[in-house]
Amino acid sequence: MTKSEVKLLGAWQSPFALRARIALNIKSVEYEFIEESFEPKSQLLLQTNPVFKKVPVLFHRDKSICESLVVVEYVDEAWSFASPILPSDPYDRAIARFWATYIDNNWYPTMRSIRGAKGEDERQRLIEEVREGLALLEDAFKKSSKGKAFFGGDQIGFLDIVLGSFLGWLSVVEIANGVKLLDQDNAPGLVKWAEKFCAHTSVKDIMPETGKLHEFAKFLWAKMDASTPK
């Protein structure tokens, strides 16, 4: 399959687009990456994802697939002959989806909220909530990995992709706030997991560099501050 047959609309800084890229790499699928500018949003994005107007959008066989978790599951099923991403066992699959929902709906929004905290007390409360969430995910990792390197076992799986896609932004939040959220004290297993995940052949060449991501974050935050009524 050539690059022209599979295309991905995304952005280098987007953890959600990163998920789709990792999934395609795991399956050894050649694809063309189309960088979304956002300012303004491209007609391609607006036409192919008119509901959410967000990346990623995967193009395959003249059809478009939106939303990162949907894209990852689609890639897993469309190229089912290659290394599986979701667990084969129905219960394990359900547990992976449960934790993916927790990460996207609870843990990540809390982490994003730290920067906009109103006062030091709220900031510390949010930081603690993120650390508590990582402790929960540490326990989930122990159960899912069964003593192996990844949530998916010997190879990167669904939950690895979901959580791993946020590692760059986790580092940015740590730098911006002068704190360590993922450390040996609250999640030693995840510390080792993060190192192996970022070094994986499906990840290492597309994981955003922390310094570049931090510079982008500062630009984004400054823009947000400028647009906020005083």
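Helices here are DSSP runs of H or I, at least four residues, and strands are runs of E, at least two, numbered from the N terminus.

Before I go on, the ground rules. This is a predicted model, where local features need pLDDT of at least 70, side-chain atom pairs count only at pLDDT 80 or more, and totals for chains, interfaces and linings use all residues. Residues are numbered from 1 along each chain as its sequence is written, and side-chain values use heavy atoms, with hydrogens and water left out.

Back to the pair. Helix α7 covers residues 167–177 and helix α9 residues 210–227. Their axes lie 9 Å apart, at an angle of about 65°. So α7 and α9 are roughly perpendicular, a label for 65 to 115 degrees. Who makes the contact, meaning heavy atoms within 4.5 Å? On α7, the residues include Trp 169, Val 172 and Ile 175; on α9, Leu 213, Phe 216 and Trp 221 are among them. The residues of this contact divide into eight nonpolar, four polar and no charged.

Next, α1 (residues 15–26) and α3 (residues 68–78). Their axes come within 9 Å and cross at roughly 5°. That makes α1 and α3 roughly parallel, the word for angles under 35 degrees.

Now one serine. Ser 145 sits in helix α5, residues 120–145. Is Ser 145 buried or exposed? Buried, because its relative accessible area is 4%; the cut-offs are under 20% for buried, over 50% for exposed, and partly exposed in between, with a 1.4 Å probe and protein chains only. A polar side-chain atom of Ser 145 lies 2.7 Å from the backbone oxygen of Phe 141. Beyond four places in sequence, Ser 145 touches Phe 150, Phe 151 and Gly 153.

Last, the backbone. Most residues other than glycine have a negative phi, and most peptide bonds are trans. Glu 39 and Pro 40 are joined by a cis bond, with omega about -5°. Val 55 and Pro 56 are too, with omega about 10°. Lys 53 has a positive phi of about 60° and is partly exposed at 34%. Asp 62 has a positive phi of about 65° and is exposed at 85%.

Notes:
Polar contact = N/O pair within 3.5 Å; in protein donor to acceptor, adjacent residues only side chain to side chain. Contact = heavy atoms within 4.5 Å. Axes fitted to C-alpha atoms, helices over the stretch in contact; angles between N-to-C directions. Parallel < 35°, antiparallel > 145°, perpendicular 65-115°, else oblique. Nonpolar A, V, L, I, M, F, W, Y, C, P; charged D, E, K, R; others polar.
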